[in-house]
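Take a walk through this model, from its strands to its cores and then out to its surface. Keep the sequence beside you.

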Amino acid sequence: MSDRTRSLANRWLGVGLASVIAVVTLGLGLTGRLNLYISPDTVWFACIAAVITLAIAVWTCTLPLGAEADHGHDHDHADATAQRRPLTTAAVVSGGVIATGTVVAALLMPPASLSAELAMSRAGESTVLFDGADSVALGVADTTTFGVGEWASVFATATRPEAYDGATVTLTGFVTPAEADAGELNLTRMVITHCVIDARPASVPVAAGAAEYQAGDWIEVTGTVRADADGTLRIEPTEVVAIDEPKDPYEY
């Protein structure tokens, strides 16, 4: 590999790929689709970081090709360098192929929300998303503002389930199977804190005909929270409407 080719490869692996990722980030941010990957609260930070990255990339391109490898002093290690060169070339080529493939995939594959299959695969994880939600709800919080995540925590941790009996709800989520009762379905929503890496499913049981819907179908449920004699909470729907996936499919 010639010095020029090596310098071009180094520049592509550095500012080249970083610039592409920055452009993709800005594009997703401007179209509102960056919310599919990170919390809306951090979108502004990601976009600012992308702008700074592009500014640095532009400045770097003003430098002579190969300047990034110039340490400002001569090396008297020609033999050692010659021995390491094949390994360095192999590392650069393999790393370049992998990194370029990843970036190309990001460009070609449209943004998509986390699937119902992923939610079901994580169904065994804890649904207690908000520590202390029960005491907060019994004190000050207005349950009419609760989403699927808050209600899932209440359903899992309520020490006084009768306090929620009769509460009205209007919730949006996608369908996942309910294991306990074939006549029920779970209304599920993925809840993220910072980004999709920490996403966890939150589900509440709905006494609706599961046979009418397939896993992954998005629905809006209007109904009432009911407490059974054993203290189990469930939603008794008055209306279940099939809807399209919302623009922002997550709760935070």
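How many bridges join S1 to S4, and do these strands run parallel or antiparallel? Seven bridges link the two, and the strands run antiparallel. Keep in mind that the model is predicted.

Is S1 enclosed or open? Seven of its ten residues are buried, so the rest of the structure largely encloses S1.

Now step back to the overall layout. The protein has six helices and five strands. Their order from the N terminus is α-α-α-α-α-α-β-β-β-β-β. Of its 252 residues, 34% are buried. Take the contacts between residues at least 6 apart in sequence: 69% of them join residues at least 24 apart.

Next, the interior. In soluble globular proteins, nonpolar side chains tend to be buried together. The largest nonpolar core here holds 24 residues. The members that touch the most others are Trp-151, Phe-155, Leu-171, Leu-187, Val-204, Val-225 and Ile-235. Which elements supply at least two residues each? They are helix H6 (148–157) and the strands S1 (168–177), S2 (185–191), S3 (200–206), S4 (218–227) and S5 (233–242). H6 gives the most, with five residues.

Ile-235 is then in contact with Phe-155, Val-169, Leu-171, Val-204, Pro-205, Val-206, Ala-207, Val-221 and Thr-224. A second core is separate and has nine residues, among them Leu-28, Leu-34, Val-43 and Ala-50.

Finally, the outside. The accessible surface of the protein comes to about 14,500 Å². Carbon and sulfur atoms account for 60% of that area. One nonpolar patch on the surface consists of Trp-44, Phe-45, Ile-48, Ile-52, Ile-56, Trp-59 and Leu-63. Together these residues have about 770 Å² of accessible area.

Look at Trp-59 in this patch. Trp-59 lies in helix H2, which spans residues 43–60. Is Trp-59 buried or exposed? Its relative accessible area is 53%, and the cut-off for exposed is over 50%, so Trp-59 counts as exposed.

Note on methods
Residues numbered from 1 in each chain as written. Predicted model: local features only at pLDDT ≥ 70, side-chain atom pairs only at ≥ 80, totals over all residues. Heavy atoms only, no water. Patch = residues over 30% accessible without salt bridge, like charges linked within 9 Å, V, L, I, M, F, W, Y side chains within 5 Å. Areas by Shrake-Rupley, 256 points an atom, 1.4 Å probe, with all protein chains shown as cover. Salt bridge = Lys/Arg side-chain N within 4 Å of Asp/Glu carboxyl O. Helix = DSSP H or I, 4+ residues; strand = E, 2+ residues; numbered from the N terminus. Buried < 20%, exposed > 50% of the residue type's maximum accessible area, 1.4 Å probe, protein only. Core = buried A, V, L, I, M, F, W, Y, C linked by side-chain atoms within 4.5 Å. Contact = heavy atoms within 4.5 Å. Pairing = 2+ DSSP bridges. Lists of a residue's contacts leave out its neighbours within four places in sequence.
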